[in-house]
Amino acid sequence: TTVENASLRAPYIGIAPGDFEDFAPNSDSHYNALQATLAHHFTKGLYLQSAYTYSKSIDDVSTASVAFLTRVNDQNDARASRGLSDFDRRHRFVTSAVYQLPFFAHSSGLTKTALGGWQASGVLVLQSGAPFTVYDPAGGTAYALASTPSSTATFASGFSCGNAPSSGSPESRLGNWVNPAAYTPDPLAPTLSNGSPSDATVYGNTPRNCIIGPPQKNVDFTLDKTFKLGERQSLRFRTDFFNLFNHPSFAIPALASVSSAGGSAPISSTIGTPRLIQFSLKYGF
């Protein structure tokens, strides 16, 4: 714990002279994983390597910032903000391969020079989606420390993290990744002294980052050949296909929140790029 005299910094951060500000490392995280890798050199120029990770990362803050900007629900209680890390990916599978194409390997002359000696390589990535939080913009207003958005939403009766997401294919769920009926817009609110309901709301009961977004998959492919130009010179031609099958990888919702119509979590963006093809020529000497 570091205690600093804020009087010298008051003109810069708005703290009155004589006040003190406390910076304390009071957040933590836990990561556990099973990692497996398999690699093998096959005959006839094929090399294959695969890696699989089954993991879980938990924390109460996933960014390097102060609690009042990153925590949800009770800002003074780290346990209220504890959940899956923003970068958690439960499953991740990556396979890469390099293959020396055997075509025209035993030819001679111009045929071998132009058509022989090509190499193909590729990378396949499959991974689970990232987690996100469904917020209640009006939540937490019963507390003086509430900031927007700082309160998670409240599950409707019979719903939990497991059955709150909507059903169907990823494409059919883009309009709303969660079931609107899974959330109630108004958490249980305190009552006024006269017994009437208050317009202030308390914190929601849904955990932080308990909804998993769309999974991602991608294939990159490369085809290249090196042409020898004498003993010391070479020319390498390479073609790269990024996102070979032009498969969209959808991002998590930009903002997931509850309203009078229930929960809302539309997805309107993607990560990565659409199919991209590039050609390159490299001269070595």
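Guide: Let us begin with T239, which is found in strand β13, spanning residues 233-242. The model is a predicted one.

Visitor: Why is T239 called buried?

Guide: Buried means under 20% relative accessible area. T239 has a relative accessible area of 7%, so T239 is buried.

Visitor: Which residues does T239 touch, beyond four places in sequence?

Guide: T239 touches F221, T222, L223, I277, Q278 and F279.

Visitor: How do you know how much confidence the predictor places in the protein?

Guide: The mean pLDDT of the protein is 83, and 81% of its residues reach 70 or more. Over residues 1-13, however, pLDDT stays under 50. For that segment the model has 28 contacts beyond four places in sequence. Where pLDDT is low, the predicted coordinates should not be read in detail.

Visitor: What makes up the protein as a whole, in helices and strands?

Guide: The protein has three helices and 18 strands. Of its 285 residues, buried residues make up 31%. Its accessible surface comes to about 17,200 Å², and 59% of that belongs to carbon and sulfur atoms. Among contacts with a separation of 6 or more, 64% are between residues 24 or more positions apart.

Visitor: How do you know that β3 and β4 pair, and in which sense do they run?

Guide: Two strands pair if DSSP finds at least two bridges between them. Strand β3, residues 29-42, is joined to β4 by 14 bridges, and the two run antiparallel; by the cut-off of at least two bridges, they therefore pair. Along this pairing, T37 stands opposite A51 in β4, and the bridge partner of A33 is S55.

Visitor: Why is G45 called partly exposed?

Guide: G45 has a relative accessibility of 31%, so G45 counts as partly exposed. Leaving aside neighbours within four places in sequence, G45 is in contact with V98, Y99 and Q100. The C-alpha atoms of G45 and P102 are separated by 8.1 Å, although these residues are 57 apart along the chain.

Visitor: What makes β3 hardly covered?

Guide: The count of buried residues among the 14 residues of β3 is zero.

Visitor: With which other strands does β4 pair?

Guide: β4 pairs with strand β6, residues 91-100, in the antiparallel sense over nine bridges. In this pairing T53 stands opposite R92 in β6. β4 also pairs with strand β5, residues 83-84, in the antiparallel sense over two bridges. Two bridges meet the requirement of at least two, so β4 and β5 count as paired.

Visitor: Where does V94 lie, and why is V94 called partly exposed?

Guide: V94 has its place in strand β6. Its relative accessibility is 22%, which is not under the 20% limit for buried residues, so V94 counts as partly exposed. Beyond four places in sequence, V94 is in contact with Q49, S50, A51, V123, L124 and V125. V94 and T37 are 57 residues apart in sequence and 9.5 Å apart in space, C-alpha to C-alpha.

Visitor: Is D59 buried or exposed?

Guide: D59 lies in strand β4, residues 46-59. At 1% relative accessibility, D59 is under the limit of 20% and so counts as buried. D59 stands opposite G83 in β5. Among the residues touched by D59 beyond four places in sequence are D28, S29, F87 and R208.

Visitor: How do you know that the side chain of D59 makes polar contacts?

Guide: A polar contact requires N or O atoms within 3.5 Å. The side chains of D59 and S62 are joined by a polar contact of 2.8 Å. The side chain of D59 makes another with the side chain of S85, also listed at 2.8 Å.

Visitor: Which residues have the most contacts inside the largest nonpolar core?

Guide: That core has 17 residues, and those with the most contacts inside it are F132, V134, V178, Y183 and I211. Beyond four places in sequence, F132 touches residues including W177, V178, I211, I252 and A265. In soluble globular proteins, nonpolar side chains tend to be buried together.

Key:
Residues numbered from 1 in each chain as written. Predicted model: local features only at pLDDT ≥ 70, side-chain atom pairs only at ≥ 80, totals over all residues. Heavy atoms only, no water. Core = buried A, V, L, I, M, F, W, Y, C linked by side-chain atoms within 4.5 Å. Buried < 20%, exposed > 50% of the residue type's maximum accessible area, 1.4 Å probe, protein only. Contact = heavy atoms within 4.5 Å. Helix = DSSP H or I, 4+ residues; strand = E, 2+ residues; numbered from the N terminus. Polar contact = N/O pair within 3.5 Å; in protein donor to acceptor, adjacent residues only side chain to side chain. Areas by Shrake-Rupley, 256 points an atom, 1.4 Å probe, with all protein chains shown as cover. pLDDT = per-residue confidence, 0-100.
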